[in-house]
Amino acid sequence: LGRLFQFMFLFLELSIKKSYNPREFTDLLHIRTSEQQDVQEFFKLFLSLLEERFAHSDDPEVRSLISNQFCGKYSYITVCKNCGHESVNNNNFYELDLNIENCSSLEECLASYVKEENLTKTNQYACQNCKSLQDARRYIELEQLPPVLNFQLLRFIFDLNAGKKKVQRAISFPPVIDMSPYVNARGCSVDTKGKSKESKGKRHSGESNDDYVYCLTAILIHSGESAFGGHYVAHIRDEVTDQWWVFDDSKVYRLDEDPGAEVHDEMEETSSKSRKRKRTGNSFQSKNAYMLMYTRKNRGLPKEMRPPEECQKTIEQKNERFRSKIREYEERAKSQVQRVEEHKTNYHELFDDPTKLLYSEDSYWISCEWLRQWIVGAAVGPITNEDVLCPHSKVDPEKIDQAKLINEDTWNFLHKSYGGGPTLSKEDGICFACVAQICKSKLEERQTTAEKGELASLLTKMSTDLPPGAFLLSKAWIQKWKRKVVDLPDDMNSDITCVHGALTINEKATKKVSPGVWERFYAQYPSTVPFPDDTEPCDQCVLEQELHNLLQQEKKKTKPLVDVLKPEGFLKKNLRNYFSGNGQFYLVPTDWLTKWRRYLLLPDSSEEERQQRNTDVPPPLNSSSLLCPHSHLPFDPLEICNITSYRSIFFPVREEHFQVLSTHYGTEEEEIVCQFDQTSKKSLNFSPPKCSTCNIDVLTTAKTNPPANPMIIDLEDANSE
C-alpha cells in the first residue's frame, strides 16, 4: 500500500498523462468502484480502510499517520443543575458535522455546534448522582483539533413531507479561520464573529493562538438540486504556490487568482466589510459547498522529498511509452488524412463532371455495395463483383438493383487501383439464360395460380352436380391445399385410408370430386390411393364397428350393476348379515369383477382406443380359480371372513345380478352357488360342496402367513402349501 501511495502521488507530479486510474489502489483496499456512495460516507470509509492497513506497518509514524493528521477529540458533557454532577463522554472525530439550517456562515455553524442545550420538562436528564430526573445543560466541548480539520456541511436532510432533500442555503466561509473561541468553550456562547462572550475556556499547555489558526485548503462541491443525483467537483489549493486547481473527474485545470471567481457551483465573492475579523481578505459564499477542508497554518510547508528512484524510473518508462503511442497515433492520423485527401481528389475527378456519369457502349458493371464503400472512404479491398453473379458467371437479372454501370474511364481507374473483378461489360453482363428461366418460371407460376383458382371453384360444386365416374378425396387434405400448406402429404387420401389399407367407414371425412379434378390432382400426387365414389368401406372396420355397437348396448344393460357390485364395499360388510337374506348367491372371482368394472367405466375417446377396448372385453365367467384341485370349494366364507386378505379373492353376487352377467358374457365350468341355511341360521350350503381337507390347509396358511397384498392372492399356492 505504501508503494502504491508513493507511485500514485509521484505519477500525479511527473506523468505527462492528464489523469491517473487508481484501480490497483481501490482493489487493494477492497473498495467496490461500481457502488455509488455519498462523498461523506466514502470519506469515512476511505480513512478507516487506510488506518486499518497502516496499523500493520513496522514504522510507528506510518501506523499513526491517519490519526495524527485527521483525528481530533471532543467531549459530550451533561451537567446536572441540581447537584452539579458532570457526565462526560469522550470521543474521537475525523470530521465535524455542522448543521447549516438557520445559519449563513461557517462561524455561525460552529457557534451552533458548541452551543449549550437545556434539558427541561419532558426532556430532563436522568442524573446518576441524584437518582432522579433533573434539569441539566448539555454541550459539546472541542478539546483537541487535528492538523487537517474537515467540516461536513449537512446539506442533505430528511423532510417528513418531501423525504430526503438538499438544503440550498448559501454559506460563507473564510480563507483563514481562528478556531480558538470554539475550543474548550465549556458551553459558552460564541458570537457570529468567532468571539467568546465568556472567558471559561482553557488551553492545553504548550499551545499558542497559532495552533488554532487554519487556512482553507480544499472545497468539495455538489452541483445539482436533487439529493438523489448530481456531480462532485473538488477545488484544491497548492500550499506551496498558493494556486487553486479544479479536479473534475479526469479533468484538472487552474483557477484564476480568486478561487471564488471561477467555480461552477456558483461561489460568489463577498466583501470583508460586512464581516470584520482579525484577518484581512475576502470570504467565499456557496450554495453547493459540501465539504470544507482546513489545514493548520503553523504546520509549515511540506518537505521536499526525493522520489524513490525505482518509482521515478517506472514513471519515466511509462511516459516514454505514452509518447511513443502519441507519435504512432500522429503518424496514423497523418496517413489517414493523406489517404482521405487523395480519395477526395480521385472522387472529384471521377464524379464531379456529370458527363462522366453517363454510361456509353463501353460501360462496365460494378457492385453497388463495393462502390458505396469506396465513395464513403472506407478501406476497401479488390473489387468484388461475385455477389451480383448468377450461376453462369454473368450479372444475375434478379440482382440487377445491386449492380451499377460506370463508364470505361472510371472502371479502368478503379480496376487498376484495386484489382479484383470479374470484368463485366455492358454487352456481356446480363445473363439471358437466367432471363429466359425467370420468364418461364413466372409463366408457370401464373398458369399454376390460374389452375389452382379453377380447381378451387370446381371443388365448391355439390356432389349431386358431378358427372359419373367421380372420386373420393380427403376433406382434411383439401383444406390444407386451400390454405397453401407447405409439405403436403404425397398421398392425398392418407387421412381416409384405414389401418387395413381400405376406405374408412367415416363418410364425413370424404368429398366427391369430378373425374377432371381428380386427374389434375392425381397428376401432381401420383402416390395417392384412388377411391372411386362407389368404393365400399373396409369390411373389417365395418365388423369392428358393429361389434363395438353391440358392446355398447351390453354396457348400457350391465352398467347399472357397477354401483352395486363394488369389491371394496364388500370388504367392509358383515358376511353373516350379507348372506342372511333370501335367495342364492354366486361366488365370482374378484379379478374378473375388477376387469369388468374397468371395461365399463373407461371411456372410448377415439377409434384407436375403441379398438383397444374391444380386446379388453371380459371373458366368460369362470369360477374354477376359486376351486381346489379336488374341484371343491376349499374354504367356508363364514370361517374365513375375519381374514381380510383372503376375503378379497371372491365376491358374492345375488342370483338376479348373476343372471344378467352370465347372459351377456357367458359362463364356463360349474358355478359356485351358496345359500344360507334358513333352519340353523349359522352355516352356508354350497354347490359344489366344501372340501374339508383343503379348508384346513387354507385356514392354517392364512393365519400363519397372510399375503402382503390383500388384493393379490394365489389360491393354488395356498392349497399346495
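Contact here means heavy atoms within 4.5 Å.

**Entry 1, ground rules.** I'm looking at a predicted model, where local features need pLDDT of at least 70, side-chain atom pairs count only at pLDDT 80 or more, and totals for chains, interfaces and linings use all residues. Residues are numbered from 1 along each chain as its sequence is written, and side-chain values use heavy atoms, with hydrogens and water left out.

I looked up what Leu142 touches: among others Lys73, Tyr74, Phe93, Met179 and Asn184, leaving aside residues up to four places away in sequence. Leu142 also turned up in the largest nonpolar core, of 38 residues, where Leu142, Phe151 and Met179 touch the most other members. Such a core is a set of buried Ala, Val, Leu, Ile, Met, Phe, Trp, Tyr and Cys residues joined through side-chain atoms within 4.5 Å; buried means under 20% relative accessible area, exposed over 50%, partly exposed in between (1.4 Å probe, protein chains only). Elements giving two or more residues to this core include α6 (106-114) and β7, and α6 gives the most, five.

I noted an open antiparallel sheet of four strands, ordered β2-β1-β7-β4. Strands are DSSP runs of E, at least two residues, and helices are runs of H or I, at least four, numbered from the N terminus; two strands pair if DSSP finds at least two bridges between them. β2 (86-93) and β4 (117-119) are the edges with a single partner strand each, so one side of each has no neighbour in the sheet. Three bridges join β4 to β7 (residues 136-144), and I found Asn118 opposite Arg137 in β7.
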